[in-house]
Amino acid sequence: MASSSILVLMLSMLVVASAGNFNQDFDITWGDGRAKILNNGQLLTLSLDKASGSGFQSRNEYLFGKIDMQLKLVPGNSAGTVTAYYLSSQGSAHDEIDFEFLGNLSGDPYILHTNVFSQGKGNREQQFYLWFDPTADFHTYSILWNPQLIIFSVDGTPIRQFKNLESKGVAYPKNQPMRIYSSLWNADDWATRGGLVKTDWSQAPFTASYRNFNANACVWSSGSSSCSKNSSSTTSNAWLYQELDSSSQEKLKWVQKNYMIYNYCTDTKRFPQGLPPECTATNNS
């Protein structure tokens, strides 16, 4: 009985250890006081006014992981603003996995913009409406990144996957450690209706909120991965081998049928010489 109690205690400690604290896990990188960590590290807010936006980044670098963050987006008239939340490495041949939330006029839906860069090449945009108001409450936005695929999810529902198709000559992010970045900034030259709708500064400051960060991930430090040291711990690293099961594939199809508003893989005008090679592979569009 005592040993089982100890096991439960140890497991609960492991769960707590993986849950994030913004004071410990992130640095505010710009914004001159417009970014704030509150509630003993449990809440982070970014603000934007006419003078500046704000942003933060993770202290750790990761080479594969399942990253969860809860966001509550700028409410009301958020036209012209962009809230970006993404993984990225550095340099001209960088890798990047993007969530960007494009603001809109009050009552009009946010656009969730996604992209994947590998070795500096992006142009893989897919855009979605959401099936809820992302400004009314916190929702969980997740990136699963393992050697086989990348899955973007919202509240546990997959909205996009990008498979490793190196066999077809498509570069895949697998060698460059990435940090988590987030920022709130003014992009009214393009963000809302292609730049036709400008930011209404009388509504400033604009604020986005973050909580419940969790990284089940391989931390990269001094040239080695925390996962290689713990390779025997296959249960805790199950995400490293995760793929979409049939139920998740059905959810993905539902989202893409009902809420996808742009897919580079169907934009033949943009790619008159032929669609990118990953677009012709099954389940990668």
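Figure 1. At 13% relative accessibility, Asp 68 counts as buried, where buried means under 20% relative accessible area, exposed over 50% and partly exposed in between, with a 1.4 Å probe and protein chains only. The structure is a predicted model, in which local features need pLDDT of at least 70 and side-chain atom pairs count only at pLDDT 80 or more, while totals for chains, interfaces and linings use all residues. Residues are numbered from 1 along each chain as its sequence is written, and side-chain values use heavy atoms, with hydrogens and water left out. Asp 68 belongs to strand E5 (residues 61-72); helices (H or I, at least four residues) and strands (E, at least two) are DSSP runs, numbered from the N terminus. Its side chain makes a polar contact with the side chain of Ser 142, at 2.5 Å. A polar contact is a pair of N or O atoms within 3.5 Å; within protein, one must be able to donate a hydrogen and the other to accept it, and residues adjacent in sequence count only if both atoms are side-chain atoms. Beyond its neighbours within four places in sequence, Asp 68 is in contact (heavy atoms within 4.5 Å) with Tyr 85, Thr 140, Tyr 141, Ser 142, Asn 212, Phe 213 and Asn 214.

**Figure 2. Aromatic pairs.** The structure holds 19 aromatic pairs. Rings of Phe, Tyr and Trp (its six-membered ring) pair if their centres lie within 6.5 Å; planes under 30 degrees apart count as stacked, over 60 as edge-to-face and the rest as tilted. The rings of Phe 56 and Tyr 210 are edge-to-face, because their planes stand at 90 degrees, with the centres 5.1 Å apart. Phe 56 lies in strand E4 (residues 54-58) and Tyr 210 in strand E14 (residues 206-221), so this pair ties together parts that are 154 residues apart in sequence. Phe 56 and Tyr 210 are both buried. Phe 99 and Phe 101 form a stacked pair, with 6.1 Å from centre to centre and 10 degrees between the planes. Phe 99 is buried, with a relative accessible area of 0%, and Phe 101 is buried at 1%. Ring pairs also link Phe 22, Phe 26, Phe 56, Tyr 210 and Phe 213 into a cluster.

**Figure 3. The nonpolar cores.** In soluble globular proteins, nonpolar side chains tend to be buried together. A nonpolar core is here a set of buried Ala, Val, Leu, Ile, Met, Phe, Trp, Tyr and Cys residues joined through side-chain atoms within 4.5 Å. The largest such core has 63 residues, and those with the most contacts inside it are Met 69, Phe 99, Tyr 141, Trp 145, Ile 150, Tyr 210 and Phe 213. Strand E14 gives the most to this core, with seven residues. A second, separate core of five residues includes Val 82, Leu 102, Ala 187 and Ala 191. Apart from neighbours within four places in sequence, the contacts of Trp 145 include Tyr 62, Leu 87, Ile 150, Met 178 and Trp 239.

**Figure 4. Met 178 in a loop.** Met 178 lies in the loop between strand E12 (157-163) and strand E13 (179-186). With a relative accessible area of 0%, Met 178 is buried. Met 178 and Gln 90 are 88 residues apart in sequence, and their C-alpha atoms are 7.9 Å apart in space. Leaving aside neighbours within four places in sequence, Met 178 touches several residues, among them Asn 60, Glu 61, Leu 87, Ile 97, Trp 145 and Pro 173.

**Figure 5. The disulfides.** The structure holds two disulfides, a disulfide being a pair of cysteine sulfur atoms within 2.5 Å. One joins Cys 218 to Cys 227, with 1.9 Å from S to S. The torsion about this S-S bond is about -95 degrees, so the disulfide is left-handed. Cys 218 and Cys 227 are both buried. Another disulfide joins Cys 265 to Cys 279, with 2.0 Å from S to S. The link of Cys 265 and Cys 279 is also left-handed, with -75 degrees about the S-S bond. Cys 265 is buried at 6% relative accessibility, and Cys 279 is buried with a relative accessible area of 12%. When the bonded cysteines of the chain are numbered in sequence order, the pairing is 1-2, 3-4.

**Figure 6. Asn 104, an annotated position.** UniProt, in an unreviewed entry, lists Asn 104 for "glycosylation site". UniProt positions are given in the numbering used here, feature names are shortened, and annotations may be inferred rather than shown by experiment. Asn 104 is found in the loop between strand E7 (96-102) and strand E8 (111-117). At 13% relative accessibility, Asn 104 counts as buried. Not counting residues up to four places away in sequence, Asn 104 touches Gly 76, Asn 77, Ser 78, Ala 79, Pro 109 and Thr 192.
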